Structures are given as structure tokens and as C-alpha cells.
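Dear colleague,

Please find below the structure that I am handing over to you. My notes on it follow directly after.

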Amino acid sequence: MSIFDKFRDVAAGVNELSELGIMPFGAVIEEVSSPTEGVVDGHPVLLAGTNNYLGLTFDPDCIQAGQRALLEQGTGTTGSRLANGSYAGHLALEHELAEFYAAASAIVFSNGFLATMGVVSTLAGPGDTILIDADCHASIYEGTRVSGAEVIRFRHNNPDDLERRLRRLGDRAAHALIVVEGIYSMLGDLAPLAEIAALKRRYGAYLMVDEAHSLGVLGATGRGLTQAAGVEDAVDFIVGTFSKSLGSVGGFCTSRHAELELLRYKTRAYVFTASLAPSVIESTRVALRIMQDGHQLRDRLWNNVKRLYKPLEAAGFKLGPHPSPVIAIEVESKERALIWWQQLLQRGLYVNLVLPPATPTGGCLLRCSLSAAHTDVEVDRIAAALIGLLE
Ligand SMILES: Cc1ncc(COP(=O)(O)O)c(C=O)c1O
């Protein structure tokens, strides 16, 4: 018996891929020269597998703010905010996030996973009930596991199923926590948030929306699906990440309940980890400002979405149900998905390969993510490379 016996399946999977000479999970982007261009295996590639929705990773103002913070405040904070103290930038960013969402409280975490996992696991505890969409992200699942609460999964994007389960809870529904996402990260589909918000209101439950992939992408000022669906007054907690539209790293939770502040003292994922480096905080603050005024970036992004989704649909690919910056092609067989992924790379296109059990459908996905930084020519190249797979 070895402690590593439980990894036999993983080892077999890795061996299978290395025998085929295809290593999708070890891809190294050796150089990156813009939000859309990099070098993999010594060859230039067009990047269509990032979550750089607004293309802000190379924004000169974000870079300058980060550089200045590095010079003036050093490389890191070396400790947790509760134990070692907050920097002024942490408070400023929280203040700006609270203002942006017109929220009573905002807490910044060291990454998006910790924000979601930490808040879910602390808000709900033994005796509470969490209802989650079956396709929720691993960080949400992890939070439910750690919470000790009763966990009820409802069918993906199915308000009827959610309602059945809320009804069955009786009085307990009134303090249950419902957790959904804005845009789901695998198929790029949107939650039916207006219907879910109506159920939340009817049953008096709490509603949390993870806007990781919808922040900056949806809503007039980028506040996500909650804003786009016009249900901000029904949403109790918004969690999100700085690692996608804002082009840096970090996570946050905002709430219209001032009691969110109390979670600072109870959330282990906040208390027992080092806070974000000043350079990250300062570049994120600039990105947040750019994002709020980023109508043109959002328009550009959604033009790119239409420009790619339509020809792929017309070519007969099975895509996620909604056009969104995440465009995923479902591929029935694993062998074909692997070969296609490799062919795309050889033809200069980098996309993500997602294999079960990480996929919601049980099939395999070639997952593209679009950026406002992609030019029309680049989007057409992505479409041509993907459609070329069918020839
Ligand atoms: C829905 C969702 N929540 C949370 C996270 C975690 O964010 P981060 O990668 O910034 O830790 C992700 C990341 O992919 C995500 O898709």
C-alpha cells in the first residue's frame, strides 16, 4: 500500500497522453507578447484559450501602476491582513469595489478560488442548506464541502428544479443559500438569473452569484449578469475574480449586507493566507476603472463573439447554447479531441482542451475564449483554423 495508490488513474491518463506525444495539460506558453500572441513549442501562436476578456494584461496604465507599486512598496506583503496588517491599497480597492457595486461591504481575497470557497464555507454551516447549480465551479463545491451544511444540487440552469427543492425545504428555505454563476466557464452559457432571483424573493432565501466570467463582460458598467438581468436588488452576495477581465490575480466578495464585514474574522481562506502584493492591487485598481468605462471594449468583445459563434454554428459544430466570450466545441471522442487540439497548435492556434470529468456534458471540449484585444483578422483566423478541422 502506498499513499500514491489513489493516483493510479491519473498516472495512467498522463502515460496515455505522453505515449501519444500530446501534452495539453503541460502546455508552456514560452513567451507572451500581447493579450493574443504567444510562443508555444518554439512556434508563434494566436492565444484563444485565456480568460483575458478585455485584453487588459498589457494595458500600459495597469502596467505602470504595478511598476510604481513595486518600486515604492516592494514585491509582497509577506503576511495576512489580520495578523500582519493591511496596506492602504487593499482598503482603497475594497472601497472602490463597494462603490462600484453600491454595496455595503467588499472584501478582497488572495485569489478567486479562495474568495468563493472561503465565503461559501463560512456563510453556511452545520444546520444550514446550500442549493447549488450542478455545473458550479470547483471552488463553490469545495466551499460547500468545507461548510458542513446540507448541500442540494439542482439541475443546471433549471429554475423549476430549484423551485421543487426550495418547496421541499419548507421553512428552512428562508435562510438557505442559493449559489449560481453568471457565465458558466465550460460552455459559456448564462444563468436564467431573473427567474432564479424571483424564486429567491418568493422563498426568502439568500442568493450568491459568482461573476468570475461575467465581470466586465456583461452589464452597462461591467457589473456582470446581475446588472444585465436587472436583479441587483435581489442578489445578496457577489463573488468574483481579478484574474480574468481585470487581467491580474485576486478575488473579492461584495454584499448589500454590512454583516459581510464579520466574515473577515471567521473565513480561514482570508485569515490564514498572505494578502495580495501591492503591484497586483494597484494594477487591479486601474483595471477596475478602465472596465467601468469600458463600453468600447465590451462592444469589441461582443462583436468578436458574434463573428466567431456564427460561422462555427453554421459549420455544424455543437456549441454551448448561448454565444458568449467562452465558446466551447463539444467533441464526442477523446481521441478526436486530442488530435484536434494538437492540430490546432501545429497550425498556430492555442485553445483549451477539457476532458471529463471536468466537463459538464461528459464529452470533451475544445474551449475558446475571446478577448476584446482580438482583431477581426485574428477572429477570422480562429474560425478558419477550427472549421479547417472538419476538412
Ligand atoms: C466560476 C469561477 N469561480 C472562481 C474561479 C477561481 O478564480 P481564480 O482562478 O481567479 O482563483 C474560477 C476560475 O476559473 C471560476 O471559473
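**Salt bridges, ring pairs and the ligand site**

Glutamate 94 and arginine 264 form a salt bridge in which the closest N and O atoms are 3.0 Å apart. Because glutamate 94 belongs to helix α4 (residues 88-101) and arginine 264 to the loop between β10 (251-255) and α10, this pair ties together parts that are 170 residues apart in sequence. Both residues, glutamate 94 and arginine 264, are buried. Please bear in mind that this is a predicted model.

In total, the structure holds 20 salt bridges. Another of them joins arginine 256 to aspartate 236, again with 3.0 Å between the closest N and O atoms. This pair links distant parts of the chain, with arginine 256 in the loop between β10 and α10 and aspartate 236 in the loop between α9 (225-228) and β9 (237-241), 20 residues apart. Arginine 256 is partly exposed at 40% relative accessibility, whereas aspartate 236 is buried at 2%.

A further salt bridge connects aspartate 376 with arginine 307, the closest N and O atoms being 3.7 Å apart. Here helix α14 (residues 376-388) supplies the aspartate and helix α12 (residues 295-314) the arginine, 69 residues apart. Aspartate 376 counts as partly exposed, at 31% relative accessibility, and arginine 307 counts as partly exposed at 35%. Salt bridges with shared partners also join Arg81, Glu94, Glu261 and Arg264 into one network.

Turning to the aromatic residues, the structure holds 6 aromatic pairs. Phenylalanine 4 is exposed, with a relative accessible area of 58%, while phenylalanine 7 is partly exposed at 42%. Phenylalanine 109 and tyrosine 270 form an edge-to-face pair, 5.7 Å centre to centre with 75° between the planes. Phenylalanine 109 lies in strand β4 (residues 105-109) and tyrosine 270 in helix α10 (residues 268-271), so their pair ties together parts 161 residues apart in sequence. Phenylalanine 109 is buried at 3% relative accessible area, and tyrosine 270 is buried at 6%. Ring pairs also link Phe100, Tyr101, Phe242 and Phe252 into a cluster. Over the ring of phenylalanine 100 sits the charged end of arginine 223, 6.0 Å from the ring centre.

Finally, there is the ligand. Of the 14 residues around the ligand, Phe113, Asp210, His213, Thr241 and Ser243 come nearest. A polar side-chain atom of serine 243 lies 2.7 Å from a ligand oxygen atom. The protein buries 83% of the 390 Å² that the ligand exposes when taken alone.

With kind regards

How values were computed
Residues are numbered from 1 along each chain as its sequence is written. This is a predicted model: local features need pLDDT of at least 70, side-chain atom pairs count only at pLDDT 80 or more; totals for chains, interfaces and linings use all residues. Side-chain values use heavy atoms; hydrogens and water are left out. Rings of Phe, Tyr and Trp (its six-membered ring) pair if their centres lie within 6.5 Å; planes under 30 degrees apart count as stacked, over 60 as edge-to-face and the rest as tilted. Buried means under 20% relative accessible area, exposed over 50%, partly exposed in between (1.4 Å probe, protein chains only). Helices (H or I, at least four residues) and strands (E, at least two) are DSSP runs, numbered from the N terminus. A charge sits over a ring if NZ of Lys or CZ of Arg is within 6 Å of the ring centre and within 35 degrees of the ring normal. A residue is near a molecule or strand if one of its heavy atoms lies within 4 Å of it. A polar contact is a pair of N or O atoms within 3.5 Å; within protein, one must be able to donate a hydrogen and the other to accept it, and residues adjacent in sequence count only if both atoms are side-chain atoms. Accessible areas come from the Shrake-Rupley method with a 1.4 Å probe; for residues, only the protein chains shown count as cover. A salt bridge is a side-chain nitrogen of Lys or Arg within 4 Å of a carboxyl oxygen of Asp or Glu.
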